[in-house]
Amino acid sequence: YLARPVYEVEVEVADTLQALEEVRLTGEVVDGEGSVVSIYNGTVEIEVFDSSTPGRLDELPYEQLGGTLFRGRVPVNAGHFVARFLVPKDITYRAVSGSISAYAWSGVGPAAFGRVEGLVLTGTTERANPDDAGPQVHIGFRGVADFESGDVVRSLPVLLVSLSDSSGINVTGSIGHDIELTLDGQTSSLTRLYQPEEGTYQSGGLEYQLPELETGEHELSLRAWDNYNNTTRETVRFRIEPSRPEIADLRIYPHPVVDEAHLTFETHVRLDRIRVQIFSLSGRLVDSFEGDGARGFHQLAWRPPLDLANGTYLCHVTAIAGAGSGATATVPAVVMR
């Protein structure tokens, strides 16, 4: 059996949705008897779908779920929640199979799920506010405070994008209306990564791990659309410079060391080589070896020399990346045979 949530979500919304209409949606988390769970406090994620369409696969009929019109999160307080969203211009007009799903969770209670089907999607509201301005787009990178075009970023940069618009951001993914990233001439869609801020449909953001980039200057642009299909493109340049390696989470295991131990650590850049030196507490070098370089997690085996006396030693690790670029870290090691 499917592990269905214990509670259900009941959603109240108009049965007809029009393009550019602001919709108010209310809901409740209820138990198996249909009573509101008044002690339920948490978050509900709502996704609104365009009309489904009939399809056929090898003579088997099926319903193809419609594209996303809105997704977002709002708080659940005492079992109740309220959400608002703007119906985008990109809907399937004169269709009758729209739907809404809602999934709620709490840190202390069971999950809840509910669904509304058979929504009518037709026409454009007469109450639409005029809007001819595209979204506001802000581009940044993790670890770079107050990024400005031309700044230096890490070799494996994480893109941070914030978007806002009074009419909401278009997430339908319809042809030509994607949230579109262009990096050095290569274009990809980031629409599925966009998440509105909790409690609002008018602003949100996304994070995206860029691929490994060569040293030098790069150009990045991001294009987004609002629900009225107004668009904005923001372009920035940034530079990748050779990064100094950093050794993180240096550990030795098992410890104390008997016959063999492993030194483990992580680096965020690709290494050329790794040098390990073992010193006594008086500073005398008692053993040394080298390992191959890589990026990410490293594990190096150390077998203490047979004539090495029991006691405490210092394992000194040097990570080398490029000419003269290196980092060091030290961890104590107790040898006990």
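With that, Phe 113 sits in strand β10, residues 112–124. Before I go on: this is a predicted model, so local features need pLDDT of at least 70, side-chain atom pairs count only at pLDDT 80 or more, and totals for chains, interfaces and linings use all residues. Residues are numbered from 1 along each chain as its sequence is written, and side-chain values use heavy atoms, with hydrogens and water left out.

Back to Phe 113. Is Phe 113 buried or partly exposed? Phe 113 is partly exposed, at a relative accessible area of 35%; buried means under 20%, exposed over 50%, and partly exposed in between, with a 1.4 Å probe and protein chains only. Together with Tyr 103 and Trp 105, Phe 113 makes a nonpolar surface patch of about 280 Å² accessible area. Patches take residues with over 30% relative accessible area and no salt bridge, joining nonpolar side chains (Val, Leu, Ile, Met, Phe, Trp, Tyr) within 5 Å and like charges within 9 Å. A salt bridge here is a side-chain nitrogen of Lys or Arg within 4 Å of a carboxyl oxygen of Asp or Glu. The areas are Shrake-Rupley with a 1.4 Å probe, and for residues only the protein chains shown count as cover.

Next, the sheets. Two strands pair if DSSP finds at least two bridges between them. β12 runs parallel to β19 (residues 231–240), joined by 2 bridges, and Val 153 has Ile 240 of β19 as its bridge partner.

Now look at β21, residues 261–267: 5 of its 7 residues are buried. β21 pairs antiparallel with β20 (residues 248–253) over 4 bridges, and Ile 252 stands opposite Leu 263 of β21. β21 is also antiparallel to β24 (residues 296–302), through 7 bridges, with Thr 267 opposite Gly 296 in β24.

Last stop: how many cavities of 30 Å³ or more are there? The structure holds 1. On a 1 Å grid over the protein atoms alone, a cavity is a set of points where a 1.4 Å probe fits but cannot get out, and lining residues have an atom within 4 Å of a point. The largest cavity has a volume of about 70 Å³, volume being the space filled by probe spheres set on the points, which are joined across faces, edges and corners. Its lining includes Phe 70, Tyr 194 and Asn 227, and strand β7 (residues 68–76) gives the most, with 3 residues.

How values were computed
On a 1 Å grid over the protein atoms alone, a cavity is a set of points where a 1.4 Å probe fits but cannot get out, and a pocket is an open set with protein on both sides within 12 Å along at least five of seven lines; lining residues have an atom within 4 Å of a point.
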